[in-house]
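Please look over the notes below alongside the sequence and the coordinates.

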Amino acid sequence: ILDQADDLRRKRREGVEQAEGLIQATFTAIVGSRATGWAGWPEARVEDLAEVGGMRTGPFGSDLRHDEFVDAGVAVLGIDNAVSNHFAWGERRFIPVEKYDRLKRYRVKPGDVIVTIMGTTGRSAVVPPDIPEAISTKHLAVITVDRSKAEPEWLSNALHRDRDVLSQIAARNRGAIMSGLNLGLIKNLRLRRPPLSAQRQFAEALAALRTEIDRMAAHGIALGELFATLQARAFASDSSQA
């Protein structure tokens with residue numbers, strides 16, 4: 001029984017991995033190099049796809065210190081919120097409302113694209129519509145997208161899936177002791193801009209795939225709990241027989 005339960009866990013993990021691969025294939029087919037008309041799409045810099053003044057990072061130095069975090073207040077987003085290339089709540093960090101009043105220029109809004117630029121770099125995610133009042137840390141670059149030019153989900157995924165974009169980042173980092181990103185580099189990344197209709201088609205397909213991945217992940221957690229219960233019972237039985 002334990003072998004069968006463990007086999008189910010393995011197959012579920014493989015299913016999640018395959019679904020993640022399907023996201024990459026979907027990106028390439030709809031808004032990537034295999035999409036119809038790709039070669040004729042206009043090029044744009046990332047900065048051109050943001051609202052005026054819509055790219056920022058910080059706060060820096062003494063503006064925000066780790067020892068200022070509290071248990072409740074205004075949320076502070078960091079690397080852990082984007083490290084899986086999909087927005088997720090990791091460690092919960094907050095600052096007092098009074099502190100937020102001085103840092104409002106770093107506010108993160110629904111639909112913003114956040115990009116990790118320190119630690120695990122180059123990961124990105126779209127801030128969900130139900131985000132509470134929040135600011136970013138210096139570990140993130142934040143992009144407020146001009147929705148007349150780009151869909152946030154397309155831009156976020158292009159930053160970590162588009163081979164041309166990844167090649168530009170690698171070229172900029174060649175010879176560096178430690179690879180990394182900064183706001184200037186991100187602003188000047190060039191990419192082919194698909195029609196908005198294709199961007200929205202990709203966003204819809206991505207939402208459906210994410211729903212399935214979340215369902216499989218939840219099922220995987222349940223299988224893990226079942227396996228742990230069965231394992232405990234098996235060892236308890238062995239112990240009693242001894």
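1. The side chains of D146 and S148 are joined by a polar contact of 2.7 Å. A polar contact here is a pair of N or O atoms within 3.5 Å; within protein, one must be able to donate a hydrogen and the other to accept it, and residues adjacent in sequence count only if both atoms are side-chain atoms. This is a predicted model, in which local features need pLDDT of at least 70 and side-chain atom pairs count only at pLDDT 80 or more, while totals for chains, interfaces and linings use all residues. Residues are numbered from 1 along each chain as its sequence is written, and side-chain values use heavy atoms, with hydrogens and water left out.

2. D146 sits in the loop between β8 (140-145) and α3 (152-161); helices (H or I, at least four residues) and strands (E, at least two) are DSSP runs, numbered from the N terminus. Leaving aside neighbours within four places in sequence, D146 is in contact (heavy atoms within 4.5 Å) with L49, A50 and E51.

3. A salt bridge is a side-chain nitrogen of Lys or Arg within 4 Å of a carboxyl oxygen of Asp or Glu. Buried means under 20% relative accessible area, exposed over 50%, and partly exposed in between (1.4 Å probe, protein chains only).

4. The whole structure holds 13 salt bridges. One of them pairs R56 with D112, with the closest N and O atoms 3.0 Å apart. This pair links distant parts of the chain, 56 residues apart: R56 is in strand β2 (residues 50-57), and D112 is in the loop between α2 (97-102) and β5 (113-116). Both R56 and D112 are buried.

5. Other salt bridges involve partly exposed residues. K104 and D101 meet at 3.9 Å, N to O; K104 has 46% relative accessibility, and D101 has a relative accessible area of 46%. Salt bridges that share partners also join R45, E47, D48 and K187 into one network. Within it, the closest N and O atoms of D48 and R45 are 3.5 Å apart. D48 is partly exposed at 33%, as is R45 at 23%.

6. The largest nonpolar core has 35 residues, of which V46, V115, I143, W154, L159, I186 and L191 touch the most other members. Such a core is a set of buried Ala, Val, Leu, Ile, Met, Phe, Trp, Tyr and Cys residues joined through side-chain atoms within 4.5 Å. Elements giving two or more residues to this core include α1 (2-30), α5 (183-187) and α6 (196-241). The largest share, five residues, comes from α6.

7. Beyond its neighbours within four places in sequence, L191 has contacts that include P42, V46, W154 and V165. Another core, of 13 residues, lies apart from the largest one and has L77, I114, A125 and V127 among its members.

8. In α4 (163-173), the buried residues are V165, I169 and N173. They lie on the same side of α4 because they cover an arc of only 70° around the axis, the arc being that of the directions from the helix axis to the C-beta atoms. Their cover includes α3, α5 and β9 (190-192). At the start of α4, a side-chain oxygen of D162 comes within 2.8 Å of the backbone nitrogen of D164.
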